[in-house]
Amino acid sequence: MSTVSMRIDESLVSAARAAAKAEFRTVQGQVEFWAKVGRAALDNPDLPASFIAESLMSLAEPREDSTPFVPRSRAEQA
């Protein structure tokens with residue numbers, strides 16, 4: 001993956017630093033995540049940003065750590 005240097009307002013970097021620490025990401029990873037959420041939100045204006053963010057985070061989870069979805073109707077039969 002190639003990288004590009006760019007100037008970003010220090011207040012945005014500070015906010016990214018705090019969010020990155022809470023989300024166990026790098027500052028660069030946090031800014032990239034916000035950019036992906038923003039782009040997806042613009043492409044899908046009917047979806048809440050929180051849904052988009054959670055969907056992106058779930059896609060990044062390792063498959064072996066995931067819990068399979070079981071519809072309630074099937075769970076009640078068991």
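Met6 is exposed, with a relative accessible area of 64%; here buried means under 20% relative accessible area, exposed over 50%, and partly exposed in between (1.4 Å probe, protein chains only).

Together with Ile8, Leu12 and Trp34, Met6 makes a nonpolar surface patch of about 370 Å². Such patches are made of residues with over 30% relative accessible area and no salt bridge, like charges being joined within 9 Å and nonpolar side chains (Val, Leu, Ile, Met, Phe, Trp, Tyr) within 5 Å. Accessible areas come from the Shrake-Rupley method with a 1.4 Å probe, and a salt bridge is a side-chain nitrogen of Lys or Arg within 4 Å of a carboxyl oxygen of Asp or Glu.

Most residues other than glycine have a negative phi. Phe24, although not a glycine, has a positive phi of about 60°.

Arg25 is placed over the face of Phe33, at 4.0 Å from the ring centre, under the criterion that CZ of Arg or NZ of Lys is within 6 Å of the ring centre and within 35 degrees of the ring normal.

Helix α2 holds Gln30, which at 2% relative accessibility counts as buried; its C-alpha atom is separated by 7.8 Å from that of Arg17, 13 residues apart along the chain. Arg39 is also placed in helix α2, but Arg39 is exposed, with a relative accessible area of 63%, and the C-alpha atoms of Arg39 and Ser14, 25 residues apart along the chain, are separated by 21 Å.

In helix α1 stands Ala22, exposed at 54% relative accessibility. Between Ala22 and Arg72, which are 50 residues apart in sequence, the C-alpha to C-alpha separation is 33 Å.

## Confidence and conventions

The chain averages a pLDDT of 89, and 95% of the residues score at least 70, pLDDT being the predictor's confidence in each residue, from 0 to 100. Confidence in the chain is highest in α1, at 96, and lowest in helix α4 (residues 72-77), at a mean of 72.

Residues are numbered from 1 along each chain as its sequence is written, and side-chain values use heavy atoms, with hydrogens and water left out. For this predicted model, local features need pLDDT of at least 70 and side-chain atom pairs count only at pLDDT 80 or more, whereas totals for chains, interfaces and linings use all residues.

Note on methods:
Helix = DSSP H or I, 4+ residues; strand = E, 2+ residues; numbered from the N terminus.
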